[in-house]
Amino acid sequence: MRWSFVFQEPDAPSAFGMAALFMDRNAGETMRKNRWMTGAWLTFVASMAATAGPLDYTPSQWAQIDVLRRSASEHANAKAGEACGWSPAEPDTPIDMVALDAAPVSQPALREKLMAMLKEDQASRDVMFAAESPISKARVGYGDARHRKELIAIVDEYGLPTTAMVGDSGVWATFYLSVHADEDLALQRRLLDLMEKAAGASAIPAYFPGMFTTIRRNVPMGKPYAEIYEGDQKGREEAGAEPLIPGDPKSCFASRRRTFAREWLRDHLPVDIAGVLPDAGEGAGEAL
């Protein structure tokens, strides 16, 4: 089974290309199972409802988002296959919906927690990129802040989650959550150092540190992500760089699939989740 993912910056082709290369090489070994069952995640969300802040989705909304994301993924796979004349042998599946590893782990509760955090991370970003509303962006920021605190607590108690502790799926979850901890550069630096040590000891796959620094090259430089990203954007604009146009069926499929999924989700998100008024002519797309 192939799987897809959501990072914060949708227009960083070099980072996505590198990530896709690593993932294509290892996805078959790390995640071949069916979609991860969402029962544990929904239980986790429900347990947080009593202390949920004003920017949290409700358990009912999280459940709606999960169903809609699955439908968007299936729609996007079919449409991208038609548009590009190629489809993978196994359908692409969002990373947080892939089944857990079959191999036993020493910290199953920690793995469950990391996967629940990953599902929130990916689901909220899918909504944000589809709706492009202030409230959806604020909800991503709210979730990221909570996840940063949880990551610190996890690392303080367990150290970096390793393959033996949480399996490949839990290690990937830790990686994505680390990438999105942009508001705490010191935490990202700490996590990268731990990744390098763990990779050196073969406790996690060796490619993780390199992939992290490819996607977040600002971290080794000790600079905020926004500063480097805005500089990259300005450089591309000054150079008059044209958008990358996929020239092969696999690249075409990945690019078109992402677009089709976001378009479908945008058209089917309820108003209370999207945070924008439905498209109804004049005034369409206004924020709530």
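A: Begin with a term: a residue is buried when its relative accessible area is under 20%, exposed when it is over 50%, and partly exposed in between (1.4 Å probe, protein chains only). This is a predicted model, so local features need pLDDT of at least 70, side-chain atom pairs count only at pLDDT 80 or more, and totals for chains, interfaces and linings use all residues. Residues are numbered from 1 along each chain as its sequence is written, and side-chain values use heavy atoms, with hydrogens and water left out.

Q: How many helices and strands does the protein have, and in what order do the elements run?

A: Helices (H or I, at least four residues) and strands (E, at least two) are DSSP runs, numbered from the N terminus. The protein has 12 helices and 2 strands. Starting at the N terminus, the order is β-α-α-α-β-α-α-α-α-α-α-α-α-α.

Q: What share of the residues is buried?

A: Of the 288 residues in the protein, 48% are buried.

Q: How many salt bridges are there in the whole structure?

A: Side chains of opposite charge can pair when their charged atoms come close. A salt bridge is counted here when a side-chain nitrogen of Lys or Arg is within 4 Å of a carboxyl oxygen of Asp or Glu. The search of the whole structure finds 17 of them.

Q: Where in the chain do R70 and D66 lie, and are they buried or exposed?

A: R70 and D66 form a salt bridge, at 3.3 Å from N to O. Because they are 4 residues apart in helix α3 (residues 59-84), about one helical turn separates them. Both R70 and D66 are buried. They also belong to a network of salt bridges that links D66, R69, R70, D96, K119 and D126.

Q: Which residue does R125 pair with?

A: R125 pairs with D144, and the closest N and O atoms of this salt bridge are 2.7 Å apart. The pair links distant parts of the chain, with R125 in helix α4 (residues 108-131) and D144 in helix α5 (residues 134-158), 19 residues apart. R125 and D144 are both buried.

Q: What is the nearest side chain of opposite charge to R148, and how far away is it?

A: Lys and Arg count as positive and Asp and Glu as negative; His and the chain ends are not counted. R148 lies in helix α5. R148 is buried yet has no salt bridge, and the nearest side chain of opposite charge is D144, 5.2 Å away.

Q: What is R148 in contact with, apart from its neighbours within four places in sequence?

A: Contact means heavy atoms within 4.5 Å. With those neighbours left aside, R148 is in contact with A181, E183, D184 and L187.

Q: Why does W264 count as buried?

A: W264 lies in helix α11 (residues 249-268). W264 counts as buried because its relative accessibility is 16%. Leaving aside neighbours within four places in sequence, W264 is in contact with L68, S71, A72 and H75. W264 and H75 are 189 residues apart along the chain, while their C-alpha atoms are separated by 7.6 Å.

Q: Which residues does the disulfide join?

A: A disulfide is a covalent bond between the sulfur atoms of two cysteines. Here the test is a pair of cysteine sulfur atoms within 2.5 Å. The structure holds 1 disulfide, and it joins C84 to C252, with 2.0 Å from S to S. The pair links distant parts of the chain, C84 in helix α3 and C252 in helix α11, 168 residues apart. The angle about the S-S bond is -75°, and the link of C84 and C252 is left-handed. Both C84 and C252 are buried.

Q: Which residues in the largest nonpolar core touch the most other members?

A: In soluble globular proteins, nonpolar side chains tend to be buried together. A nonpolar core is a set of buried Ala, Val, Leu, Ile, Met, Phe, Trp, Tyr and Cys residues joined through side-chain atoms within 4.5 Å. The largest core has 33 residues, and those touching the most other members are L114, W172, F175, I204, F208, M211 and F212. Helices α4, α5, α6 (163-179), α7 and α8 (208-215) each supply at least two residues of this core. Helix α6 gives the most, with 9 residues. Another core lies apart from it and has 15 residues, among them L68, A130, I273 and A274.
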